[in-house]
Amino acid sequence: MAGEKAATLPRKTYEKELLRLQTELVKLQEWVRAEGARLVVVFEGRDAAGKGGTIKRVAEHLNPRVARIVALPKPTERERTQWYFQRYAEHLPAAGEIVLFDRSWYNRAGVEHVMGFCTKEEHQLFLRQCPIFERMLVEDGILLRKYWFSVSDDVQQERFRQRLDDPTKRWKLSPMDLESITRWEAYSRAKDEMLVHTDIAEAPWYVVESDDKRRARLNMIAHLLSTVPYHEVPRPVLDLPPRPPSTGYVRPPRDLQTYVPDHAAGL
């Protein structure tokens with residue numbers, strides 16, 4: 001219900017449904033490949049909103065030759081002189097491919113605008129051109145899906161705190177992430193303005209409530225699957241051939257090769 005915090009999803013329930021949805025994602029992948037479709041999924045939201053974890057679960061069982069993650073670093077000096085959308089356009093999918101954008105051209109509507117990395121004129125130009133750019137993609141046959149991961153300030157703060165304490169996650173936390181705490185309202189206003197200009201009929205925004213990561217992942221994947229008219233593609237029948245009898249091959253002595261030490265034996 002709106003305004004009420006849902007109960008945390010039990011892990012067993014979450015893992016069972018996640019596996020079912022990931023199985024459907026594999027079917028979607030095979031449909032994309034067979035039909036020569038082009039699918040683009042944009043993941044946006046505040047820092048620590050759960051985008052990265054969701055992208056991992058989406059791509060976990062997919063063929064990296066079909067589905068790839070695009071997470072671009074800051075633009076080079078040369079890229080700064082290009083048309084803004086140019087460096088993103090070169091990563092768009094060809095026939096039979098899926099591209100997952102871990103942040104996208106919407107950087108200009110968010111962090112670049114709020115942190116002053118672009119001018120006001122550049123920001124306004126983006127808001128005018130973005131709907132045109134996305135309509136062009138859709139008119140050309142690309143399936144474009146855009147998800148905004150919405151996280152509350154309290155949950156974001158707690159996730160930042162966990163990253164500070166976890167050596168495996170500390171790399172996710174940058175000085176800019178921490179500064180976003182002090183600019184919460186500025187980011188909120190930037191997001192609201194972005195939605196006004198870019199939530200278009202041809203490529204609408206879908207908001208994912210992400211205070212509960214498990215629910216967010218399941219909800220996003222289930223929704224994505226529901227918006228694509230895929231079907232299961234018949235698979236070729238495969239049979240394991242019988243192993244042929246030995247023809248006298250003898251394996252070289254072990255001491256002629258360098259083996260990785262058995263670290264596991266000491267656990």
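One cut-off before we start: buried means under 20% relative accessible area, exposed means over 50%, and partly exposed is what falls in between (1.4 Å probe, protein chains only). Keep in mind that this is a predicted model, in which local features need pLDDT of at least 70 and side-chain atom pairs count only at pLDDT 80 or more, while totals for chains, interfaces and linings use all residues. Residues are numbered from 1 along each chain as its sequence is written, and side-chain values use heavy atoms, with hydrogens and water left out.

**The whole thing**

Start zoomed out, in cartoon. The C-alpha trace spans about 75 × 50 × 45 Å along its principal axes. Of the 267 residues, 39% are buried. Contact here means heavy atoms within 4.5 Å. Among the contacts with a separation of 6 or more, 80% join residues 24 or more positions apart.

Select A48, in the loop between β1 (38-45) and α2. Its phi is positive, about 65 degrees, although A48 is not a glycine. Is A48 buried or exposed? It counts as buried because its relative accessibility is 5%.

Now jump to R103, in the loop between β3 (97-102) and α5 (111-114). R103 is also not a glycine, yet has a positive phi of about 70 degrees. With a relative accessible area of 25%, R103 is partly exposed.

**Inside α1**

Next, pick Q22 in helix α1 (residues 11-35) and show its side chain. Q22 is buried, at 5% relative accessible area. Which side chain does the side chain of Q22 make a polar contact with? That would be E60, at 2.9 Å. A polar contact is a pair of N or O atoms within 3.5 Å; within protein, one must be able to donate a hydrogen and the other to accept it, and residues adjacent in sequence count only if both atoms are side-chain atoms. Leaving aside neighbours within four places in sequence, Q22 is in contact with R57, E60 and H61.

Two packed helices are described by the angle between their axes and the distance between the axes. The axes are lines fitted to C-alpha atoms, for helices over the stretch in contact, and angles run from 0 to 180 degrees between N-to-C directions. Angles under 35 degrees count as roughly parallel, over 145 as roughly antiparallel, 65 to 115 as roughly perpendicular and the rest as oblique.

Show α1 with α10: their axes come within 10 Å and cross at roughly 25 degrees, which means that α1 is roughly parallel to α10. On the α1 side, the residues making the contact include Y14, L18, L21 and L25, and on the α10 side they include L218, I221 and L225.

Helix α2 (residues 51-59) packs on helix α10 (residues 213-227) at an angle of about 50 degrees, with the axes 10 Å apart, so α2 is oblique to α10. Select G53, T54, R57 and V58 in α2, which meet R217, M220 and I221 in α10. Coloured by type, the residues of this contact split into three nonpolar, two polar and two charged.

Conventions. Helix = DSSP H or I, 4+ residues; strand = E, 2+ residues; numbered from the N terminus. Nonpolar A, V, L, I, M, F, W, Y, C, P; charged D, E, K, R; others polar.
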